[in-house]
Amino acid sequence: MSSTLIELLPENFDFYHLGPVQALSEATPFVNPDEETKGTDLQGIGYSLQGDVQAAVLLLIPAGLDTSVYSELGNIIASQFADGLAKDSGCDVLVSPPRIMAKAALERLIRGSDLMAKKTYHFLDNGNVVQIEVQILYAPNTLNHD
Amino acid sequence: MAGTVLIVDDVAFVRQTLAEIFTRAGYQVLGFAEDGQKAVEMYFKLRPAVVTMDVVMPTLSGIEATRRIIKADKEANIIIVSALGQENLVMEAINAGARDYVTKPFKAEDILKTANRITGFSKEKGHGSSSQSTPRAAQGGGS
């Protein structure tokens, strides 16, 4: 199941005039949630998937970045994932508007959810390489429990 | 008024990107809306030649906003701009009255080609093919 979900996440794509977003590696099916935010200053942007699927897409980025830009970047990834799920299942799958999450809420979400798949991307932001981690989580209702 | 656009998207980066694209192409950006409800209000306040409408937004979806605008103004030109590309969604948007559907991330030339085709607007001519269009020199400053 995890490898199938990984395949639904997009590979490289051009992000408007800002340049390419490049997928780095195959997703890791399971990661210890305690390691995700320990010692790092991260922020998360979450998208609930709505329809016949019960999942959420979480974008993890370094804190301090322009959340508007990354909200749209995450929207594209989440939507392409949703399109893939819809094609596989034959059902409509919609994506919620982005939800910006502070570190505490992020940690609660990660600990309270089952990680189904993860993929890492690189994006060149004003000359700096930004690592973006995209996680597919089961139990999407946790996005509402801040 | 020909060559005018209302930009609807809940993400500021997208609104800014579209504004820059349209402004460089000679359009006048009349306003912005961050959700479907505001989109409906702004449309009837500003009466743009074309609207770019996101689908997934708070309060009211872009497709429902499209439906409400078209119900009151069948001549409205609405282009759906969305990262979702599922066939059912595209059909729902067209059935709601949208003139076209552009998927994100879009290229500037694609969104402009669509808007120009729908409105007949040309930067060189400064007006569209609408019977209400006016020469560039006679156009007001907009709101």
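Which residues is Tyr70(A) in contact with, leaving aside its neighbours within four places in sequence? They are Ile45(A), Tyr47(A), Leu59(A), Ile61(A), Leu65(A), Phe123(A), Asp125(A), Val130(A) and Ile132(A). Contact means heavy atoms within 4.5 Å. This is a predicted model: local features need pLDDT of at least 70, side-chain atom pairs count only at pLDDT 80 or more, and totals for chains, interfaces and linings use all residues. Residues are numbered from 1 along each chain as its sequence is written, chains are lettered from A in the order in which they are written, and side-chain values use heavy atoms, with hydrogens and water left out.

**Nonpolar cores**

- A nonpolar core is a set of buried Ala, Val, Leu, Ile, Met, Phe, Trp, Tyr and Cys residues joined through side-chain atoms within 4.5 Å.
- Buried means under 20% relative accessible area, exposed over 50%, and partly exposed in between (1.4 Å probe, protein chains only).
- The largest core has 88 residues, and Phe15(A), Leu49(A), Tyr70(A), Ile132(A) and Met53(B) touch the most other members.
- Helix α3(A) gives the most to this core, with 10 residues. Helices (H or I, at least four residues) and strands (E, at least two) are DSSP runs, numbered from the N terminus.
- A second, separate core has 10 residues, including Leu58(A) and Met101(A).

**Where chain A meets chain B**

- Contacts join 25 residues of chain A to 18 residues of chain B.
- The buried area is about 1600 Å², with 64% from carbon and sulfur atoms. Buried area is the accessible area (1.4 Å probe) that two parts lose on being put together, summed over both.
- The two chains share 1 salt bridge, meaning a side-chain nitrogen of Lys or Arg within 4 Å of a carboxyl oxygen of Asp or Glu.
- Lys104(B) forms a salt bridge with Glu72(A), and the closest N and O atoms are 3.6 Å apart.
- On the side of chain A that touches chain B, β1 (13-14), α3 (67-89) and β5 (93-95) each give two or more residues.
- The largest share of that side, 11 residues, comes from α3(A).

**Around Asp9(B)**

- Asp9(B) lies in the loop between β1 (4-8) and α1 (12-24) of chain B.
- Asp9(B) counts as buried because its relative accessibility is 1%.
- The side chain of Asp9(B) makes a polar contact with the side chain of Lys104(B) at 2.8 Å. A polar contact is a pair of N or O atoms within 3.5 Å; within protein, one must be able to donate a hydrogen and the other to accept it, and residues adjacent in sequence count only if both atoms are side-chain atoms.
- A polar atom of the Asp9(B) side chain lies 2.9 Å from the backbone nitrogen of Val11(B).
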